[in-house]
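Hi,

Here is the structure I promised to pass on.

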Amino acid sequence: MPKLTIDGKEITVPDGINVIQAAQHAGIEIPRYCFHPKLRVVATCRMCHVEIDKMPKLQAACSTVVREGMEVRTGTPAVVKSRQAILEFFLLNHPLDCPICDKGGECPLQDYTLRYGPGHTRFVDEKLVRVKHLPIGPHIVFDAERCILCTRCVRFCSDVVGTGELGVFNRGVHAEIRVHPGRELSNHYSGNVIDLCPVGALTSREYRFRARPWDIRKMETICGLCSAGCNVNVSVRNVRPEVVRVEPRENEQVNGLWMCDTGRFEFDRGVREGRLLSPRIKSQTGRASCSWEEAVLACAQGFAQIISRDGCQAVGVIGSGRCTNEEAYLLKKFAHDVLGTKHLDFRLREAQHEGRDFKEDHLLLRGDKTPNSAGARAVGLVPTDGGLDMSGMQEAVRKGTMKGLLVVREDLLAEPGWSKSLLDGLEFLAVLDLLQTPTVEAASVAFPLPWHLEMDGTFTNANGRVQRLRRVINPPSGVRFLGDVLQEVSRAMGKELDNPPFVELWNKIAASVDAYNGLTLDQIGDQGAPRPI
Amino acid sequence: MIVELIQGFSLTLRRLFSRPITVQYPEQKRPSVPRARGLHRLERHENGLERCIGCGLCAAVCPAQCIYLEAAENTEEQRYSPGERYCKIYEINEFRCIFCGYCEEVCPVDAIILGPQMEFSMDNPKNFIYDKERLLVALESKGKLPAVPEADSRSSGLVTSSVS
């Protein structure tokens with residue numbers, strides 16, 4: 001634990017860290033471009049120059065490891081002059097097209113120039129003309145004029161992902177970041193170079209020109225596209241609210257600082273155009289939108305008819321790993337207490353079974369593409385007491401002993417073994433889903449459900465970490481929460497389903513589900529809480 | 001005090017016999033001053049392309065928050081403005097506008113101008129939300145846009161000299 005002085009402040013810091021990090025401990029900012037805590041140190045940008053006692057020249061703070069008794073000064077005239085000179089160099093050929101740059105407003109080059117820059121340039125010649133708005137991969141646009149050659153993106157691709165698509169080509173003032181010939185920046189984590197890039201050289205093709213940083217607010221939640229449960233910030237436009245982008249949020253226990261391209265760029269796959277927005281009912285003339293009252297009544301009657309004639313065990317419930325813990329809990333209560341059936345399962349895919357969800361690569365991708373399989377297992381969305389599991393229910397539908405089915409957040413027709421003719425053989429099929437899937441088309445009655453970004457709730461990731469899902473945007477009008485739908489159907493069937501608000505509901509789940517064992521929302525916080533699964 | 005009273009009323013008396021200076025608006029109109037700030041308009045380049053690049057600075061600076069815009073990307077086939085970015089939706093709520101002129105001042109490409117037009121009363125409040133079509137000055141020659149010079153697809157739309 002060396003003790004050093006930074007700008008007269010004496011601090012003791014952990015061994016082996018560099019001067020930038022030590023200054024951070026002391027609450028002093030040293031500007032930097034190439035240094036990034038998760039990447040190899042290269043000291044190319046020279047922005048972090050500081051004066052260190054007994055050293056003849058300015059030192060790069062990122063490549064200088066702290067020593068006992070070091071005396072660092074970050075605000076001397078020499079340092080100030082050096083920063084101004086470095087920034088003037090960076091801006092020599094910079095196009096200054098900030099008004100049309102997606103980074104404008106959240107750009108370290110803008111920020112540092114404002115804080116440490118000279119405020120004017122002495123460069124009078126023509127600026128170098130380089131390649132602009134060049135797509136270098138399925139998600140990334142490259143602008144060579146804006147690049148300051150910090151090589152964060154190069155180091156990320158070669159060291160973190162290991163694919164090494166990027167490199168520095170040519171020398172001196174003509175040096176440029178380029179994709180190696182014959183390749184494209186298409187690894188599963190390519191989106192992270194957008195966050196890493198301290199200028200607007202690498203920007204997103206999806207987010208391109210969709211908002212300015214001052215028009216959006218960042219909301220903390222978690223990604224719902226696989227069982228890794230990456231922590232994310234979702235940007236929502238203030239005026240005419242719309243989710244415009246998803247970025248990773250730091251959580252050392254889950255995703256570090258990264259996230260995959262699926263979660264970042266395909267978060268709204270199908271949601272923009274393919275959404276189910278009102279209840280639908282099947283009649284003699286076909287399928288049509290209907291009012292909530294009609295749909296609730298039809299649903300209640302459909303199940304009540306089968307139950308009164310063939311008994312409770314003629315209906316089954318198929319949940320989903322996409323349900324939050326709260327939804328799974330309410331669905332289980334509905335199946336057991338209202339329908340009275342033992343046939344309840346959610347494991348449509350192999351990876352959703354316990355111990356079958358493996359990592360697909362060395363970083364984040366996981367085999368289970370639903371966010372809450374572990375939670376659904378823990379809450380008990382599984383057959384009990386001799387009830388049928390997924391294959392059993394499929395077989396019962398084929399044999400005709402199962403006459404009614406309730407499907408939540410799953411598109412059965414996209415899964416092996418299920419077919420249109422199989423579903424047509426059912427007497428009654430109720431589907432609750434986000435999108436207009438083929439299963440919704442086949443349903444006797446269908447209800448729209450909110451998106452995971454429109455709900456408060458909890459997901460339990462593959463490692464058993466319980467994390468908060470937060471509502472970042474309101475659901476469209478005409479869409480109701482699963483608990484509300486189930487409660488109304490229960491009432492129409494003459495039973496009562498307790499559907500308290502989120503906080504109360506979670507406390508109830510925590511008290512009754514063994515795995516969660518009294519976990520409070522405060523304990524979960526914004527970083528989640530581990531639980532044995 | 002009497003003296004002051006006489007001095008004051010003498011002016012009143014003199015004016016009583018001079019010609020009135022009231023302007024009979026709207027029959028008579030006074031000429032507009034050069035820097036009058038009236039109804040907005042969105043300018044074009046000489047070659048017919050829109051000046052606006054959809055940067056959103058006007059919406060950001062607007063103290064009345066009456067500007068809403070959405071940007072999009074020019075394509076090879078469909079080019080609206082020089083450079084990469086153009087303004088897809090541009091709306092000004094003239095009811096809310098206080099005609100401070102900040103939008104004009106902040107615009108990096110001199111796209112938005114507050115013109116001399118002061119008379120735009122309407123009977124439907126919805127008409128006060130001016131969209132891009134109504135704000136944009138009409139093309140001088142009706143019909144197709146002129147061929148786009150190579151410089152336009154390269155420039156950012158910010159440097160005026162590269163366009164004209």
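This is a predicted model: local features need pLDDT of at least 70, side-chain atom pairs count only at pLDDT 80 or more; totals for chains, interfaces and linings use all residues.

Chain A has 533 residues, and 57% of them count as buried. You'll find 15 helices and 23 strands in chain A. Along the principal axes, its C-alpha atoms fill a box of roughly 90 × 50 × 40 Å. If you take the contacts in chain A with a sequence separation of 6 or more, 65% of them are between residues 24 or more positions apart. The accessible surface of chain A is about 22,300 Å², with 51% of that belonging to carbon and sulfur atoms.

Chain B has 164 residues, 38% of them buried. Its secondary structure consists of five helices and five strands, and read along the sequence the pattern is α-β-α-β-β-α-β-β-α-α. For contacts in chain B between residues at least 6 apart in sequence, 72% join residues at least 24 apart. The accessible surface here comes to about 10,900 Å², and carbon and sulfur atoms account for 55% of it.

**A sheet in chain A**

There is an open sheet of seven strands in chain A, with mixed pairing and the order S15-S14-S20-S19-S18-S16-S17. Its edges are strand S15 (286-289) and strand S17 (344-345), each of which pairs on one side only. Within the sheet, have a look at strand S19 (residues 428-433) and strand S20 (residues 445-448) of chain A: they run parallel and are joined by four bridges.

Beyond its neighbours within four places in sequence, A:Asp411 is in contact with A:Asp433, A:Thr437, A:Pro438 and A:Thr439. With A:Thr439 there is a polar contact, side chain to side chain, at 2.4 Å. As for A:Pro438, it is 27 residues away from A:Asp411 in sequence, while their C-alpha atoms are 7.0 Å apart in space.

The other one is A:Asn93, in the loop between helix H2 (77-90) and helix H3 (108-116) of chain A. A:Asn93 is buried because its relative accessible area, 13%, is under 20%. Which residues does A:Asn93 contact, leaving aside neighbours within four places in sequence? They are A:Phe123, A:Lys127, A:Leu128, A:Arg130, A:Glu145 and A:Val173. For A:Leu128, a polar atom of the A:Asn93 side chain lies 2.7 Å from the backbone nitrogen.

**Backbone geometry to check by eye**

A few backbone details are worth a glance while you have the model open.

- A:His133 has a phi near 30 degrees, a positive value in a residue other than glycine. You'll find A:His133 in the loop between H3 and strand S6 (134-135) of chain A. With a relative accessible area of 28%, A:His133 is partly exposed.
- A:Asn170 also isn't glycine and has a positive phi, near 65 degrees. Its loop is the one between strand S8 (166-169) and strand S9 (176-179) of chain A. A:Asn170 has a relative accessible area of 58%, over the 50% cut-off, so this residue is exposed.
- In chain B, the peptide bond from B:Tyr25 to B:Pro26 is cis, with omega near 5 degrees. B:Pro26 is in the loop between helix H1 (2-16) and strand S1 (40-42) of chain B.

Cheers

Definitions and conventions:
Residues are numbered from 1 along each chain as its sequence is written. Chains are lettered from A and ligands numbered from 1 in the order in which they are written. Side-chain values use heavy atoms; hydrogens and water are left out. Helices (H or I, at least four residues) and strands (E, at least two) are DSSP runs, numbered from the N terminus. Buried means under 20% relative accessible area, exposed over 50%, partly exposed in between (1.4 Å probe, protein chains only). A polar contact is a pair of N or O atoms within 3.5 Å; within protein, one must be able to donate a hydrogen and the other to accept it, and residues adjacent in sequence count only if both atoms are side-chain atoms. Contact means heavy atoms within 4.5 Å. Accessible areas come from the Shrake-Rupley method with a 1.4 Å probe; for residues, only the protein chains shown count as cover. Two strands pair if DSSP finds at least two bridges between them.
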